[in-house]
Amino acid sequence: MPDEIQTQAQATFICPACGQAELPLPEGWPPQETPYVQLAELHDCEQAQTASFLFGDGHTAGFGGVVRDEGPDGQPRERWAPPRAVIAYHYMRQNRQLASTAAAPSCYPQPLYRNLVHGQNTDDVFVAMAFLPHGERLTAAMRARAEQLAKALK
């Protein structure tokens, strides 16, 4: 996974405990040195109360992957996704790629669902995927969440 970050103030992460909530990375926190526990405490979800959510080396450098895309304001952003999380994003418009993904070496990106939306004079593709540790299989819940997320983006 690349060490550089485009704009730290606009970086977000998917909660490493529940794999569902997207939160802003606090300003001044070095993304590659922040422990999972600190990130999970920011969300304070039920899963963060147990130790079972810890993956990799326990820091964001061990996250399953990163998605680079445009935020709602049109500015570039990066989102870190832990292994076993499902994330959706606007991948393409009118055959122009809007986003890219990169998996950490211990994980592989698994496309789960593509939603092609035909609008007035535009075609958009929304993609949902997970970054799973090598050797793990997708669950039915992940596939269902991926479809739901990709269909919700418009």
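Guide: Happy to, and keep in mind that this is a predicted model. The lining of the second largest pocket divides into 10 nonpolar, 3 polar and 2 charged residues.

Visitor: How much space lies in that second largest pocket?

Guide: About 170 Å³. Of the 15 residues lining the second largest pocket, Cys18, Gly19, Arg84, Ala85 and Met142 are the closest to its centre.

Visitor: And which element gives the most to the lining of the second largest pocket?

Guide: That is α2, which contributes 3 residues.

Visitor: You mentioned Arg84. Where is its place?

Guide: Arg84 sits in the loop between β4 (76-81) and β5 (86-93). Its phi is positive, about 80 degrees, although Arg84 is not a glycine.

Visitor: Which residue other than glycine has a positive phi near 65 degrees?

Guide: Asn121 has that value. Asn121 is placed in the loop between β8 (107-118) and β9 (123-133).

Visitor: Is Asn121 buried or exposed?

Guide: Asn121 counts as exposed because its relative accessibility is 74%, and the cut-off for exposed is over 50%.

Visitor: OK, back to pockets. How much space lies in the largest pocket?

Guide: About 410 Å³. The largest pocket has 23 lining residues, and those nearest its centre are Arg77, Ala88, Tyr89, His90 and Leu153. Elements giving two or more residues to this lining are β3 (65-70), β4, β5 and α2 (140-152).

Visitor: Which of the elements gives the most to the lining of the largest pocket?

Guide: β5 does, with 6 residues.

Visitor: How do the residues of that lining divide into nonpolar, polar and charged?

Guide: The lining of the largest pocket has 11 nonpolar, 4 polar and 8 charged residues.

Visitor: Tell me about Arg77. Where is it found?

Guide: Arg77 belongs to strand β4. With 18% relative accessibility, Arg77 counts as buried, because the cut-off for buried is under 20%.

Visitor: Let's switch to the packing. Which residues in the largest nonpolar core touch the most other members?

Guide: Those are Phe13, Cys15, Ala17, Leu25, Cys45, Phe63 and Trp80, in a core of 18 residues. Helix α1 (residues 36-43) gives the most to this core, with 3 residues. Another core, of 12 residues, lies apart from it, and its members include Ala81, Ala85, Ile87 and Val125.

Visitor: What share of the residues is buried?

Guide: Of the 154 residues in the protein chain, 43% are buried. The accessible surface of the chain comes to about 8200 Å², and 49% of that belongs to carbon and sulfur atoms.

Visitor: One last thing: what share of the contacts joins residues 24 or more positions apart?

Guide: Among contacts with a separation of 6 or more, such pairs account for 60%.

Terms used. Residues are numbered from 1 along each chain as its sequence is written. This is a predicted model: local features need pLDDT of at least 70, side-chain atom pairs count only at pLDDT 80 or more; totals for chains, interfaces and linings use all residues. Side-chain values use heavy atoms; hydrogens and water are left out. Helices (H or I, at least four residues) and strands (E, at least two) are DSSP runs, numbered from the N terminus. Buried means under 20% relative accessible area, exposed over 50%, partly exposed in between (1.4 Å probe, protein chains only). On a 1 Å grid over the protein atoms alone, a cavity is a set of points where a 1.4 Å probe fits but cannot get out, and a pocket is an open set with protein on both sides within 12 Å along at least five of seven lines; lining residues have an atom within 4 Å of a point. Grid points are joined across faces, edges and corners, and a volume is the space filled by probe spheres set on the points. Ala, Val, Leu, Ile, Met, Phe, Trp, Tyr, Cys and Pro count as nonpolar, Asp, Glu, Lys and Arg as charged, and the others, Gly among them, as polar. A nonpolar core is a set of buried Ala, Val, Leu, Ile, Met, Phe, Trp, Tyr and Cys residues joined through side-chain atoms within 4.5 Å. Contact means heavy atoms within 4.5 Å. Accessible areas come from the Shrake-Rupley method with a 1.4 Å probe; for residues, only the protein chains shown count as cover.
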